[in-house]
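Hi there,

Here is the structure I promised to pass on to you.

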Amino acid sequence: MRILVVEDDRTLGKAMSASLELAGFAVDWVCRVADARHLMGGEHFDALVLDLGLPDGDGYDLVRTLRHKGEALPVLILTARDAVEDRVQGLDLGADDYIVKPVAMAELQARVRALIRRSAGTGSASFSIGALTLDTAGRRAFLDGRPLDLSGREWGVLEYLATHVHRIVSKEQLIQALTSLGQDLSENAIEAYVHRVRGKIEGSGTVIRTVRGLGYMLEQADEAAP
Ligand code: CA
């Protein structure tokens with residue numbers, strides 16, 4: 001899962017990026033509204049962590065633009081402790097949640113995970129698809145209760161597909177979800193990860209189907225096309 005952090009306080013921006021990376025997210029961090037707009041134009045993100053007071057404008061403008069375009073990207077705004085008005089305005093404009101500064105990093109990680117879950121329609125940090133269980137907080141997967149041995153990238157592929165269960169996910173979507181700017185990941189590498197994950201979940205009744213020309217879809221084997 002990939003997060004865009006927009007925060008002009010360099011110490012905080014750096015700390016939040018490091019903390020989210022530690023939690024397994026791919027992170028891009030920018031300091032200005034213009035840079036955020038530019039990135040969002042060409043890249044896909046799974047959530048936005050947004051400061052309100054930025055050097056070239058207002059975080060609210062980004063939320064407004066997103067919602068105006070009908071984009072459901074989850075937005076977590078950063079506000080000062082006493083800024084009730086900011087929070088109200090942010091939420092009214094279409095932000096999904098807020099976090100109060102000073103930011104507690106464990107809370108930031110948990111709130112971002114919760115936002116992504118909610119937008120995917122999964123209520124809990126842990127969810128099952130057939131015999132396969134994913135613990136998104138612990139970044140672990142289980143098959144019939146037995147932990148699967150997955151690399152970080154393999155986990156990332158499985159988590160993304162499971163969070164988009166029964167939906168087609170393209171290789172480009174997987175690349176976007178797993179890498180920040182400047183990180184290289186080829187379609188061949190994605191194919192290799194999918195191949196390995198497939199092997200590891202074999203027998204679970206849940207399969208990763210290749211949808212020719214479009215990508216992959218995680219589904220229950222008995223629902224798979226013949
Ligand atoms: Ca600021």
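This is a predicted model: local features need pLDDT of at least 70, side-chain atom pairs count only at pLDDT 80 or more; totals for chains, interfaces and linings use all residues.

Residues are numbered from 1 along each chain as its sequence is written, and side-chain values use heavy atoms, with hydrogens and water left out.

Let's start with the helices. Helices (H or I, at least four residues) are DSSP runs, numbered from the N terminus. The axes of helix H2 (residues 33-42) and helix H3 (residues 59-68) come within 10 Å and cross at roughly 25 degrees. Axes here are lines fitted to C-alpha atoms over the stretch in contact, and angles run from 0 to 180 degrees between N-to-C directions. H2 and H3 are therefore roughly parallel to each other (angles under 35 degrees count as such). On the H2 side, Val33, Ala36, Arg37 and Met40 make the contact, and Asp61, Leu62, Thr65 and Leu66 do so on H3 (contact means heavy atoms within 4.5 Å). These residues divide into five nonpolar, one polar and two charged. Nonpolar covers Ala, Val, Leu, Ile, Met, Phe, Trp, Tyr, Cys and Pro; charged covers Asp, Glu, Lys and Arg; the others, Gly among them, are polar.

On a 1 Å grid over the protein atoms alone, a cavity is a set of points where a 1.4 Å probe fits but cannot get out, and a pocket is an open set with protein on both sides within 12 Å along at least five of seven lines; lining residues have an atom within 4 Å of a point.

The largest pocket holds about 400 Å³ of space, a volume being the space filled by probe spheres set on the grid points. Its lining has 20 residues, and His44, Phe45, Asp46, Leu73 and Pro74 lie nearest the centre. Helix H5 (105-120) and helix H6 (152-163) are the elements that give two or more residues to this lining. By class, the lining of the pocket has 11 nonpolar, five polar and four charged residues.

There are also two cavities of 30 Å³ or more. The largest cavity has a volume of about 90 Å³, and its lining includes Met1, Phe25 and Arg113. Which helix gives the most to the lining of the largest cavity? H5 does, with three residues.

Enjoy exploring!

Notes:
Angles under 35 degrees count as roughly parallel, over 145 as roughly antiparallel, 65 to 115 as roughly perpendicular and the rest as oblique.
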